[in-house]
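Here is a short briefing on one protein model. Keep the sequence and the 3D view open as you read.

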Amino acid sequence: MITVKNNRPIRVGVLGVGRGKSFTGNAAKAAGFELVAVCDTWEERLKKFGEERKVAIYTEYAKFLEHDMDAVVLANYFHQHAPFAIKALKAGMHVMSETAACHTLGEGVELIRAVEKAGKTYMFAENYPYMRHNQEMRRLFKAGEFGTFMYGECEYVHPMDADSANSISPGLNHWRNWIPATYYCTHGMAPVMFITDTWPVKVNGFVVHTAPDNPEGQRRPSLHDGGAMMAVRMDNDAVVKLLQGGLRGHDICTRIHAAKGYMEGRNGQVTLIRQQWHEKRKHPERMTYTPDFPVMNELAMKTGHGGGDFYTMYYFADAIRKKEQPYLDVYRGVAMSIVGIQAYRSALADGETVVVPDLRKESARKYHAKDDWSPDPARRRTGQPWSSVEGNKKPSAFALNYARKIWKKTGYTGK
Ligand SMILES: NC(=O)c1ccc[n+]([C@@H]2O[C@H](COP(=O)([O-])OP(=O)(O)OC[C@H]3O[C@@H](n4cnc5c(N)ncnc54)[C@H](O)[C@@H]3O)[C@@H](O)[C@H]2O)c1
């Protein structure tokens, strides 16, 4: 348990006032943080937030890092976290970083080295493992009654109407319009790693093409594919299927098939199937229930993403106070993030097997230190991949005009 009472609050600054806001409320306070500064280049939003919360505001990250504080939470663009984390570590801050931890394998190596050198706490802010059902499945799995982990599935299938999707993706080069379909993989990979304590070692990636008759797709200027399925081999030889993207049929769930039983989690509920054919029957064959969170249940119930948003702050504070690294440390954060990169390499090679290097090992770090393979439009040069397996996609004039009207309503003034 965190002993917040006997300690002064941890002074935290947040980068990015979109998703970043979820790290500034009552849950963060209860975990022991005091919000002291926020930073965003979107001045209008920043000023509004700063006035509401009476905290220091910065548009320049370098100036923000000079603020007197202990820790920063990075909720800036998906593909830019590693360089911002490295700067914060060098400035003496503890860091919690949103998904993804790194955008290239080379950045993953650099980030790991920076954390080791700084001696500060780094936490990867993956909130999905901390959903109620996933925490309960970890508790059960660790208790050992389910035996060897054999096969798992995790789905992060999150379709959205075009207006909502466009409003959170302002500008053609916004990452939500171009990151390859395999990249947003940590919401699926993290729960399985967390429940079973296994690590990814190889991946086969497949992307699903966009469909021309999808009315939402017609209104989105997307440069990538419609979804992705990845088959991941774990370090105990178990196989995991990840399914993700904006496919129809919203579902966020985890399934674990083990030697002595099966667990499934969805919407905070857990279903267990235990066929005790050759054992003394100790449990009902099938049961479904809603577990409590292991700690601070009532508070967690009130926070976003099924309680997950509370526990990332809670365990970040815990690790800072104990002067240690959390479970979701830089090694796990990088490992689960690079699954999506390697899966895209695989998808471009028609699903061939690609190794997910173990960047805890110096030999793997040396090999990948200069790997800057990326479809980021800002890093485009010969040899870099396009965002879609179909190549250089061009949005239709209709989609672009449709999206621009929505972007304008959000206050976005760019192209
Ligand atoms: N874990 C979750 O459940 C969850 C949910 C939503 C978003 N996210 C993650 O949070 C991050 C942010 O997502 P978002 O939804 O807020 O959308 P977003 O990426 O559009 O927002 C990023 C914000 O950071 C600001 N920003 C970007 N670069 C900056 C810089 N150099 N200096 C100052 N400010 C800068 C932008 O102006 C914007 O307000 C992403 O990495 C996303 O993957 C995670």
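Among contacts between residues at least 6 apart in sequence, 71% join residues at least 24 apart. The model is predicted. It holds 15 helices and 15 strands.

**Overall build**

- Along the principal axes, the C-alpha atoms fill a box of roughly 65 × 60 × 45 Å.
- Buried residues account for 46% of the 415 residues.

- The domain assignment gives domain 1 as 4-124.
- Domain 2 comes in two pieces, 129-298 + 330-379.
- The centres of domain 1 and domain 2, taken over C-alpha atoms, are 25 Å apart.
- Where the domains touch, 18 residues of domain 1 are in contact with 22 residues of domain 2.
- On the domain 1 side, helix 5 and strand 6 each supply at least two residues.
- Helix 5 gives the most to that side, with seven residues.
- What is the class make-up of the side of domain 1 that touches domain 2? That side has twelve nonpolar residues, six polar residues and no charged residues.

**Around the ligand**

- The shell around the ligand has 19 residues.
- Of these, Gly 16, Gly 18, Arg 19, Phe 78 and Glu 98 come nearest.
- By class, the shell has nine nonpolar, seven polar and three charged residues.

**Helix 4**

- Helix 4 covers residues 81-90.
- Which of its residues are buried? They are His 81, Ala 82, Phe 84, Ala 85, Ala 88 and Leu 89.
- Seen down the axis of helix 4, these buried residues fall within an arc of 165 degrees, so they line one face of the helix.
- An α-helix has 3.6 residues a turn, so residues three or four places apart point the same way.
- Just after helix 4, Gly 92 takes a positive phi of about 90 degrees.

**The loop between strand 5 and helix 5**

- Ala 100 is found in this loop, between strand 5 and helix 5.
- A cis peptide bond joins Thr 99 and Ala 100, with omega about -5 degrees.
- Cys 102 lies in the loop between strand 5 and helix 5 as well.
- Is Cys 102 buried or exposed? Cys 102 has 26 other C-beta atoms within 10 Å, and 20 or more count as buried, so Cys 102 is buried.
- Leaving aside neighbours within four places in sequence, Cys 102 is in contact with His 81 and Ala 82, among others. Both of these are buried residues of helix 4.
- The contacts of Cys 102 also include Glu 107, Gly 108 and Leu 111, along with Val 334 and Ser 337.
- Cys 102 and Phe 78 are 24 residues apart along the chain, and their C-alpha atoms are separated by 8.6 Å.

**Ala 319 in helix 12**

- Ala 319 sits in helix 12, residues 308-322.
- Ala 319 is buried, with 21 other C-beta atoms within 10 Å.
- Beyond its neighbours within four places in sequence, Ala 319 is in contact with Thr 121, Met 123, Glu 324, Gln 325 and Pro 326.
- Ala 319 and Val 356 are 37 residues apart in sequence, and their C-alpha atoms are 27 Å apart in space.

- Met 296 is not a glycine, but its phi is positive, near 50 degrees.
- Met 296 is found in the loop between strand 14 (286-289) and helix 11 (297-301).
- Met 296 has 18 other C-beta atoms within 10 Å, so it is partly exposed.
- Asp 350 also has a positive phi, of about 60 degrees, although it is not a glycine.
- The place of Asp 350 is the loop between helix 13 (330-348) and strand 15 (354-355).
- Asp 350 is exposed, with 10 other C-beta atoms within 10 Å.

Key
Residues numbered from 1 in each chain as written. Predicted model: local features only at pLDDT ≥ 70, side-chain atom pairs only at ≥ 80, totals over all residues. Buried ≥ 20, exposed ≤ 12 C-beta atoms within 10 Å, placed from the backbone. Helix = DSSP H or I, 4+ residues; strand = E, 2+ residues; numbered from the N terminus. Arc of directions from axis to C-beta. Contact = placed C-beta atoms within 7 Å. Near = placed C-beta within 6 Å. Nonpolar A, V, L, I, M, F, W, Y, C, P; charged D, E, K, R; others polar. Domains from an automatic or database assignment.
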